[in-house]
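Hello,

Here is the structure I said I would pass on. Please open it first, then read my notes below.

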Amino acid sequence: MTLPSHTQIILGPPGTGKTSTLLGLIEDELEKGTAPDRIGFFTFTKKAVNEGKERAILRFDLSNRDLPFFRTLHSLAFRQLGLTRESVMGHGDILALNEKLNLKLSGRTTSDDGHLFSMTHDDRLAFIENLARMRNVPLEEQWHEVDDAVGWFELERFARGLKLFKEDRLLVDYTDMLQIFLEKGDVPKLDAMFVDEAQDLSPLQWSVVRKLAEYADRIYVAGDDDQAIYKWAGADVDYLIQNSKGAMVLHQSHRVPAAVHEVASQCIGQVRSRIHKTWSPRKEQG
């Protein structure tokens, strides 16, 4: 499935101002009378969405309450499903799961996107199980793809035990939030929708973006396939590439000096599965 045909893709090499471009478009929306609560700004991490929200609040003299749909996709799902913190699997639940299944999960994740960082052998089980769901692939297929000393039967046992544990305690994790939102989430009707850092979205997150786009009149998606760093965690940069026909490319970097640009261009030019982009560095050599 592709993004709606009226989606505007914006490709921004390093320092060319992707977020500033999106904020400029948001300013245009506000100036023509679009209500702030009819604008959605979604991005990959809490840090990025907070930066966008803070800049919008300062530039447009708004309050935090004026922008209910400036969120990460996980935060949006949490809000629209009416979840509480008690219903989301936390560290205490991880300890209980360890005791129940005789595991040694550390439960190390980022708090804003649910990424699992491997520490113990059992953390690898959790990572692979979650990666399969983020990529929308069968667990056994994901198991065959990882270069890992994890047995299939212990992985399957873990996945089954985790599922039963969450069902018994009425808990969800970060990935569950997105899956449940796709099934029955209350989708906001937006006049304009903006997605930043799109190169880092997983297939499951892209599904959420498409669902939101069904109810949005104007859609803008910004990213840069050359800056994709989360493929290890399931990011589907190829989907961005496939949907980038006719994309707007930002051409002037305000961050990268000329010497760095030259070396970086030589390196990235060896990558075949990318979108060729012509862009200029700062005048300083660096």
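**The sheet**

Six strands make up an open sheet, in the order β3-β2-β4-β5-β1-β6, and the pairing is parallel. Strands β3 (70-72) and β6 (248-249) are the edge strands, as each of them pairs on one side only. Please keep in mind that this is a predicted model.

Strand β2 covers residues 39-43 and strand β4 covers residues 190-195; the two pair in the parallel sense over four bridges. To locate the pairing, look for Phe42, which stands opposite Val195 in β4.

A helix comes next. Helix α2, made of residues 46-60, lies across β2 and β3. Relative to β3, helix α2 runs at about 175°.

**The second largest pocket**

How much space lies in the second largest pocket? The value is about 450 Å³. Its lining has 20 residues, and those nearest the centre of the pocket are Thr19, Ala48, Glu51, Glu197 and Arg255. The elements that give two or more residues to this lining are α1 (18-31) and α2. Which element gives the most to the lining? Helix α2 does, with four residues.

Regards

Key:
Residues numbered from 1 in each chain as written. Predicted model: local features only at pLDDT ≥ 70, side-chain atom pairs only at ≥ 80, totals over all residues. Heavy atoms only, no water. Pairing = 2+ DSSP bridges. Contact = heavy atoms within 4.5 Å. Axes fitted to C-alpha atoms, helices over the stretch in contact; angles between N-to-C directions. 1 Å grid on protein atoms, 1.4 Å probe; cavity = no way out; pocket = protein on both sides within 12 Å on 5 of 7 lines; lining within 4 Å. Points joined across faces, edges and corners; volume = space filled by probe spheres on them.
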